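Here is a short report for a first look. Take the sequence and the model together, then read on.

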Amino acid sequence: MLEITSTPLVIMAILGTVGILLPIISIIRKEKGSNSFYAVIAFAALIVSVGYVGYQFINDNVAASALFSEDVIVNDAFGGFFAIAMLIVALFTTVGSFNYMRKHNSPAVYYSLILLATIGMVLVAYSTDLVMLFVAWELMSIPTYVLVGFMKKNPSSNEAALKYFLFGALSSAIIVYGISIAYGLTGSTNIGEVIQGYVTLDPSMIPLALLSVGMFIAGFGFKMGLVPFHQWLPDTYEGAPTPITALLAAATKKAGFAATIRVIVLGMVVLNLDWTLALGILAVMTMTIGNVAAIMQKNLTRMLAYSSIAHAGYILIGLAVAPHTPLGLQGSLYHIMNHAVMKGAAFIAIAGIVTTLAVTNLDKLQGLGRRMPITALGLVIALFALAGIPPLSGFWSKIMLFGSALDAGSVVWWAPWLAIAGVLNSALSLAYYGWITKKMYFEGETEKRVKEPKSIIAVMIFSIVFLIGFGVYPEPLIQFVEFATPTISSSLMP
Amino acid sequence: MTSELIDFTLVSVALLGIGIYGLAVKRNFIRMLFAIEIIINAANLNLVAFGRFLPHSGGQTLALFSIAIAAAEVAVGLSLIIVAYRMYQNVDIADFRSLKG
């Protein structure tokens with residue numbers, strides 16, 4: 001049994017209460033504007049949640065990563081790690097929406113939905129039962145459908161929401177079908193028992209087990225933006241309100257990875273099959289197609305949307321080699337945390353640019369370095385970290401990912417190729433990141449400085465400190481990642 | 001007993017096929033929504049049928065959850081399409097093409 005003070009329950013209580021109270025408060029107060037009032041309440045709730053997770057970690061109240069449990073949720077370091085990443089992104093989104101949503105109605109509903117979606121993501125990372133996983137998955141998805149289409153008068157927001165909804169609903173339908181097969185084969189919905197059931201499965205039933213794992217990959221892959229399932233992603237990211245794009249790219253995507261690690265990677269080890277090669281091929285396809293498509297974009301949001309597809313590919317390298325080397329999952333988790341901050345910061349910077357200058361077209365970003373110096377600096381640092389330039393935090397996670405692929409080369413012949421593909425892709429991505437930088441700093445002469453929103457500056461400063469700080473001194477983050485990474489070999493036979 | 005289970009599973013697979021066909025061929029948003037609902041109900045049928053032959057009620061529980069969640073999802077989907085209909089006077093997703101590249 002979970003204690004009542006365990007992290008997931010407390011986060012659920014805090015964010016759920018505030019999330020439900022916000023619309024009620026707005027009805028009682030009978031006013032429409034006052035965006036900042038609700039933003040501050042949501043911000044406080046998220047800060048308290050992050051603080052609670054951190055407090056539990058500091059006090060050593062968190063169990064080492066378990067992956068299996070008899071309960072539906074488990075209070076372990078793996079979940080806590082993802083909870084911190086997602087809560088940071090939710091904070092970014094809340095702060096970034098401060099100016100962005102000023103002109104829009106019903107702010108209470110907006111912030112309430114962000115909080116509810118955050119609960120869903122956090123619970124996905126904590127859940128060890130397929131029923132809980134599915135419910136949390138939907139709690140994450142349904143509010144984001146609404147948030148993407150939140151600007152009712154804007155056709156592209158609505159179109160983005162419709163596309164996102166169709167693919168999202170399909171992905172959850174596929175996940176339920178996968179769960180139903182797994183339940184039929186093993187007679188349980190607990191992930192540990194399902195995987196144990198797969199070990200002792202009758203050999204004639206193995207194809208069905210593979211079908212269920214394939215359905216999980218497809219279902220989670222829609223949210224992660226893996227390549228055959230990525231068509232909705234650029235459209236949705238471009239049409240959605242930009243802070244919500246940050247939430248989608250940096251947080252719901254990570255929830256997909258959390259679910260994948262909980263369900264698939266371990267199932268993969270147990271089924272003892274060449275799923276690793278399939279994931280490796282998916283990884284290479286995902287990063288190559290993402291980067292190649294990104295180069296051709298004219299719109300900054302869309303370019304970063306494709307770049308976020310490419311990064312799903314990098315993270316997938318770690319999952320593909322996870323059965324062969326412990327570095328694989330560590331690299332994935334490390335890059336997940338870094339990517340959450342980098343992509344979150346980049347999209348919030350774009351939100352700032354949209355709020356003040358109302359442009360996202362690359363040609364109109366000339367001289368941004370002079371017009372909005374701090375936003376531009378934050379954006380450039382985030383982009384360089386995404387590319388993996390050495391003194392920044394993104395470099396170390398990429399090194400760890402590619403190193404894990406090389407490390408697995410002694411077991412499987414194709415693993416080093418993943419590292420080669422990753423390095424080539426990083427070089428390719430540097431081309432368009434560099435191009436954005438050139439536009440912002442070396443073109444345009446006459447632009448004057450404009451006033452930057454304070455909330456955006458706050459996010460930028462946080463991300464710059466995070467990326468440079470953990471880039472120069474990565475030890476604490478690496479230790480945290482090592483603590484949070486489940487060891488596959490010992491948990492293999494529960 | 002086992003043959004009974006196979007009947008249920010066959011119906012469920014047929015429903016899954018119908019759902020995927022509907023998603024692949026139809027371009028009307030409401031029809032596509034129905035196709036997704038059919039897939040979810042195929043999964044629910046599976047869950048209830050498997051749960052019938054197991055000593056506990058986990059499958060039925062998940063089916064109940066899934067029905068409730070699908071209802072919430074459809075509510076959101078229909079409200080999105082109502083907003084779209086006010087703008088375009090149309091529910092054909094082939095006409096929603098302002099975002100591309």
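## Overall build

Of the 494 residues of chain A, 63% count as buried. The model is a predicted one. Chain A has 20 helices and 0 strands.

The C-alpha atoms of chain A fill a box of roughly 70 × 55 × 45 Å along the principal axes. A compact globule of 494 residues would have a radius of gyration near 23 Å, and the 21 Å of chain A agrees with that. Take the contacts in chain A with a separation of 6 or more: 79% of them join residues 24 or more positions apart.

## The nonpolar core

In soluble globular proteins, nonpolar side chains tend to be buried together. Here the largest nonpolar core holds 217 residues. Within this core, M86(A), V89(A), V124(A) and A382(A) touch the most other members. Helix 6 of chain A gives the most to the core, with 19 residues.

## Where chain A meets chain B

Contacts between the chains involve 34 residues of chain A and 34 residues of chain B. On the side of chain A that touches chain B, helix 5 (130-148), helix 6 (155-186) and helix 9 (232-239) each supply at least two residues. Helix 6 of chain A gives the largest share, 18 residues.

By class, this side of chain A has 18 nonpolar, 10 polar and 6 charged residues.

Conventions: Residues are numbered from 1 along each chain as its sequence is written. Chains are lettered from A and ligands numbered from 1 in the order in which they are written. This is a predicted model: local features need pLDDT of at least 70, side-chain atom pairs count only at pLDDT 80 or more; totals for chains, interfaces and linings use all residues. Two residues are in contact if their C-beta atoms, placed from the backbone, lie within 7 Å. Helices (H or I, at least four residues) and strands (E, at least two) are DSSP runs, numbered from the N terminus. Ala, Val, Leu, Ile, Met, Phe, Trp, Tyr, Cys and Pro count as nonpolar, Asp, Glu, Lys and Arg as charged, and the others, Gly among them, as polar. A nonpolar core is a set of buried Ala, Val, Leu, Ile, Met, Phe, Trp, Tyr and Cys residues joined through C-beta atoms within 7 Å. A residue is buried if 20 or more other C-beta atoms lie within 10 Å of its own, exposed if 12 or fewer, and partly exposed in between; C-beta atoms are placed from the backbone. The radius of gyration is taken over C-alpha atoms; the globule rule is 2.2 Å times the number of residues to the power 0.38.
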